[in-house]
Amino acid sequence: MDDTNFKLLMGHATPEGTKNYVKNAVKNRGKPADHFRVFDNLYLSSIGMGTYLGKPNKEDDQSMENAVYDSIKSGSVNVVDTAINYRAMRSEKSVGRALLRLINDGIVTRDQVFVSTKNGYITNDGDYPEIDVMEYVQTMFISNGIMHADDISSGYNVLNPNYLKRCIDKSLANLHLATLDLVYVHNPFESWYEDVSREDFFQMLSKAFEAYEEYRTLNKIRYYGMATWTCFRVPPDSKEYLSLEDITKTAEKVGGLGKHGFRFIQLPYNLAYSEALLLKNQSVGTEKNLTILEAAEKLKIGVFTSIPLFQGRLLKTKIPDYGGLTDQVSKLLQIVRSSPSVIAPLVGQKEPNHVEQNLKISSVSPMGSKEYKEAVEILLRGNS
């Protein structure tokens, strides 16, 4: 990184900024106003961009940078999701370059775009491919006492607060941001449940939340959350299960009731992984048999969802037509983005034709509650 040319983008997503993005999208891009959801007074697109897939090479760096640029410029997307370990930091760097271009070109301002990243997994720096993951972690973190080798789980995950804070600092530099809108702790329970007791895990999670709260006071992050794979999609008697209420209570103990920054979760949700919609595995207070989406709404937790296209595997599946839609990608995205409590599915895309295809649905309003229920019935019949 050439420090002499390094530019930091100040600020974060704000109610006024995100509302201005909506106004421009509606007026100049023809997007329906209800393509955007309001959460904590932020106006967020009901389609977000994910940045997981790709090779750690310059070609995919450029493709991803262009895809972020084009998606935001189109008026379809003001939510971008990444992680420090995606493509060994190169995804974050691609997002950062796209944001710099968008702002330098006068397309958007920093306060119009909501940027999230994740930390916890160990990673190397893809700009130095000759240094492998374990050598990087040894040199950067273990040898100087930031963490110990036994802080790494069998799933290659670290919840040591010192490590998480260093990851946030690195993500901010990679993304050219002074403040991250959202940081998730990345698959923590999935990575640790076989190594530690549930009680020990929650103590570790509490320490991680303390680190995030500290960084909130420093204005380096605005919110934090938990990005997950299985823990919200299994029955309560599963050893992989977590209660969203228990996690929220942990945040309340750390950050204070009504003051803490734990406001978002992420989980897989698509027509193959439909547990978010159908599995009643959560409780909130005296209310039992809630889905994770219902529990999140009661706990005022925003939900982003991953792999809506199941990394392309659902594109050849026969899906009944519903809601006047015949396009396969639109059908896959519309049911997820219309689900109650879901802010946006996060769609991975790099190639221009995929960007165009995936963002078609942004010109269509999400379904209302009656239309949504009818669509669910059609899709359940089609899968039975």
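Relative accessible area, computed with a 1.4 Å probe on protein chains only, separates residues into buried (under 20%), exposed (over 50%) and partly exposed (in between). The structure is a predicted model, in which local features need pLDDT of at least 70 and side-chain atom pairs count only at pLDDT 80 or more, whereas totals for chains, interfaces and linings use all residues. Residues are numbered from 1 along each chain as its sequence is written, and side-chain values use heavy atoms, with hydrogens and water left out.

With a relative accessible area of 73%, lysine 27 is exposed. Lysine 27 has its place in helix α1 (residues 15-29), where helices (H or I, at least four residues) and strands (E, at least two) are DSSP runs numbered from the N terminus. Valine 183 stands 156 residues from lysine 27 along the chain, and the C-alpha atoms of the two are separated by 31 Å. Helix α11 (residues 328-337), by contrast, is mostly covered, since 10 of its 10 residues are buried; among them are the charged residues Lys331 and Arg337, under a classification that counts Ala, Val, Leu, Ile, Met, Phe, Trp, Tyr, Cys and Pro as nonpolar, Asp, Glu, Lys and Arg as charged, and the others, Gly among them, as polar.

Helix α3 (residues 90-104) and helix α5 (residues 161-175) pack at an angle of about 45°, with axes 7 Å apart; axes are lines fitted to C-alpha atoms, for helices over the stretch in contact, and angles run from 0 to 180 degrees between N-to-C directions. This makes α3 oblique to α5, given that angles under 35 degrees count as roughly parallel, over 145 as roughly antiparallel, 65 to 115 as roughly perpendicular and the rest as oblique. Glu92, Lys93, Val95, Gly96 and Leu99 of α3 and Ser171, Asn174 and Leu175 of α5 make the contact, defined as heavy atoms within 4.5 Å. By class, 3 nonpolar, 3 polar and 2 charged residues take part.

Leucine 175 and glycine 54 are 121 residues apart in sequence and 18 Å apart in space, C-alpha to C-alpha. Glycine 54 is found in the loop between β3 (48-50) and α2 (58-73) and is partly exposed, at a relative accessible area of 35%. When residues up to four places away in sequence are not counted, glycine 54 touches Asp60, Arg87 and Lys350.

Two residues other than glycine have positive phi values. Asparagine 219, with phi near 65°, lies in the loop between α7 (198-217) and β7 (221-227) and counts as partly exposed at 38% relative accessibility. Phenylalanine 310, with phi near 55°, is placed in the loop between β11 (302-306) and α11 and counts as buried at 13% relative accessibility.The largest pocket holds about 750 Å³ of space, a volume being the space filled by probe spheres set on grid points joined across faces, edges and corners. A pocket, on a 1 Å grid over the protein atoms alone, is an open set of points where a 1.4 Å probe fits, with protein on both sides within 12 Å along at least five of seven lines, and lining residues have an atom within 4 Å of a point. Of its 33 lining residues, Tyr52, Leu53, Ile307, Gln311 and Gly348 are the closest to the centre of the largest pocket.
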